[in-house]
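Subject: Structure handover

Hello,

Here is the structure for you to look over. My notes follow below.

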Amino acid sequence: MTTMLGPWLLAILGAFGSLLFATFATLCLAAGLMYLSEVVEEYTTLTKKVLRLSILTILGLLVVMGLFTDLPWLGTLLGLAAHALYFQFLKNFPFTRLMSPLTIGSVVVFVLHNVVLYHHFGQRWYPFDQVCAYMFICCWLVPLTLFVSLSSFDDALPTDGSASPNRLFSAEARPQAPKRGGGLLVGLKRWFEDMLPGRNKTF
């Protein structure tokens with residue numbers, strides 16, 4: 001009886017532990033992103049400079065990796081195209097438009113870049129740390145930073161009610177309720193504030 005029940009108990013415990021780990025990891029990631037959004041809101045000019053330097057550095061790194069490693073050239077070309085598109089966001093930073101060709105094209109190239117890399121890493125063995133490092137630095141770092149930067153200005157900018165309805169990540173898109181609008185990070189932050197007990201505020 002003990003021999004039959006033991007594996008089931010361990011399997012249940014393992015599944016429950018994995019669920020808890022995933023939950024805490026998600027909460028930690030969300031908290032980190034919210035903190036970054038606050039930092040970006042305070043240091044817009046510095047963030048733009050860091051993004052420009054990061055994009056140029058990754059462009060050079062992609063070329064070097066394409067020349068001296070066995071990574072697929074299609075993935076390298078897609079990475080170069082993606083970061084060239086990301087660089088265009090800096091012209092109007094921190095604003096963007098949801099339905100603009102630049103935004104749509106960036107998302108499409110980002111997805112294709114990931115698909116090609118996932119296929120390559122699935123066919124050939126690489127150390128796990130090397131795969132994570134390449135994917136994070138050369139594929140996810142700049143898009144994640146742009147996401148945090150662009151969404152963090154939703155509540156920071158004044159409103160005049162004259163913005164286009166397609167403008168994303170700025171409070172101008174919601175002139176009737178400027179203090180309750182928000183991007184993904186802002187909405188998540190408010191959800192935490194509503195769910196968790198807090199100190200009484202004085203006005």
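How many helices and strands does the secondary structure of the protein come to? There are 6 helices and 2 strands, taken as DSSP runs numbered from the N terminus (helices H or I, at least four residues; strands E, at least two). From the N terminus the order is α-α-α-β-α-α-β-α.

This is a predicted model: local features need pLDDT of at least 70, side-chain atom pairs count only at pLDDT 80 or more, and totals for chains, interfaces and linings use all residues. Residues are numbered from 1 along each chain as its sequence is written, and side-chain values use heavy atoms, without hydrogens and water.

The rings. Phe 121, Tyr 126 and Tyr 134 form one aromatic cluster. Rings pair if their centres lie within 6.5 Å (planes under 30 degrees apart are stacked, over 60 edge-to-face, the rest tilted). Phe 121 and Tyr 126 are edge-to-face, at 5.2 Å and 90°. Phe 121 is buried at 15% relative accessible area (buried is under 20%, exposed over 50%, partly exposed in between; 1.4 Å probe, protein chains only). Phe 121 and Tyr 134 are also edge-to-face, because their centres are 6.1 Å apart and their planes at 75°. Phe 121 lies in H4 and Tyr 134 in H5, so this pair ties together parts 13 residues apart in sequence.

Best wishes

Note on methods:
Phe/Tyr/Trp six-rings, centres within 6.5 Å; stacked < 30°, edge-to-face > 60°.
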